[in-house]
Each structure stands twice: as C-alpha cells, then as structure tokens.
Amino acid sequence: MRKGKDAKTFKKFKNKYIEKKGKESDIKTICMNMSVSFKSGAKEHFPKAKLVFDKFHIIKLLNEQLNKIRKRERKDYKDILNKTKYIFLKNPKNLTNKQNEKLEQLMEYKYLDTVKAYSLILEFKKIFDYKKPAYASKFFKKWYEKALNSNIPEMKKAAKSLYKHIKGILMHLKTGLTNAKIEGMYSKLRTFTKRAYDFKSFKYLSITIFFALGKLSFS
C-alpha cells in the first residue's frame, strides 16, 4: 500500500516493489481509474504494462456527467426532476418498486436531456456483454457517434473521454480485470480516515487498516 493520488504514487510503489526483490517487468497490466496523473505515472514507471480501465470507473464517469445534466435541467424542471438523483444513478436492478414506477414516469419526458442521457448510458452498458474486443469496438463507434449527435454537452464530453481511453476499456473486456473489490474496501477505508484525526502519522492509520481489513487471526 502506497500513500498518494498522483503520478508520484507509482514511483513510491515501484521503489518499494524493487526493494522487496520485485522487477519492473513483473507488472504486465495495471487496472486503474482514468486520472491524467495516474496515467502519466503508470506510463513513466511501467512503460510496458498495459492499462486497464474497468467497468466501475467507466460507469462512474458517465454517471457523473448524467448528474451534472440533471442538476442543470432541474432549475427549469424542478417539479419533474426534484429528488430523482438516485433513481437515475442506481443500478436498475436495485430500484425499489416505487422507484421503478417513478422511473417509468420519468422516461415519458423524452425531450429532457437527462432522459436522453440516461438512455444513452443504458445503451452503452451493453458493451460489457461483448466477449470479443473487436465486436465491442464496432459497437462503441456507433454509440460514440450517437452520443456526439445528441448535442448534449456533458454526454459529448463523456463520449470523447471514453474514446481517448478505448484501448484500456477493451483491455478490461479482454482480461476481465476490475478494481470492484478494492473500491468496496475503499468505501470502508473512508470510515477509518474519518476516525483518524488523532493519528500522528499515516503509519498508524495503515496499521489500523490492516487490522480491520486484513482478516488477521490471533488464535
């Protein structure tokens, strides 16, 4: 575990890994988010490793833009879009019956950018059903054109970002690598960091994390 959220994090990890008798060539793939600093750090310190951008971070990027659209339109359509954030952002499979009914009503407002964007995101998710990257690539090209032609600024921005990262997205489909488990742990870590105000250094926080999530046995 290395502290940091920028390119230097990779340098710290690499130095520690080599110190533990590891080799740079051991790292074949890196599953990560689409942060510019993370990408530059990965390319600088592990130039031969292939980057993988997993489903969690891809959908997160799209949902962030969807929420921006909803906030923008809520100013003019408050009676329609008020208190609808989680209806649009939740996995449809996890919606309650009441939320499903509300969503069906919302989908009738086809003129809203929020509804158009939500439909585009639902369509995009079909890319994860493809087993062969070549077919997924063809699907993405069609979706990309549709997103650009939607004339929704936020969705155009999201589509262009995904286009820049398409190689890493296709690598996710090919390898199946994902950070989902780690992201689940991260949500727990945030709870610990809130309690860590009295810790004098990161060292004590890291020890607490290992105790809590390491499933250690002292029997």
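Visitor: Where is K83 found?
Guide: K83 sits in the loop between helix 4 (78-81) and helix 5 (85-89); helices (H or I, at least four residues) and strands (E, at least two) are DSSP runs, numbered from the N terminus. The model is predicted, so local features need pLDDT of at least 70, side-chain atom pairs count only at pLDDT 80 or more, and totals for chains, interfaces and linings use all residues. Residues are numbered from 1 along each chain as its sequence is written, and side-chain values use heavy atoms, with hydrogens and water left out.

Visitor: Why is K83 called exposed?
Guide: Exposed means over 50% relative accessible area, buried under 20%, and partly exposed in between (1.4 Å probe, protein chains only). K83 has 75% relative accessibility, so K83 counts as exposed.

Visitor: What makes the phi of K83 worth a remark?
Guide: Most residues other than glycine have a negative phi. The phi of K83 is positive, near 60 degrees.

Visitor: Which phi does K21 have?
Guide: K21, also not a glycine, has a positive phi of about 75 degrees. K21 lies in the loop between helix 1 (8-19) and strand 1 (29-32), and at 74% relative accessibility K21 is exposed.

Visitor: Why is K71 called partly exposed?
Guide: K71 has a relative accessible area of 44%, so K71 is partly exposed. This residue belongs to helix 3 (residues 55-74).

Visitor: How many helices and strands are in the chain?
Guide: The chain has twelve helices and two strands.

Visitor: What share of the chain is buried?
Guide: Of the 219 residues in the chain, 37% are buried.
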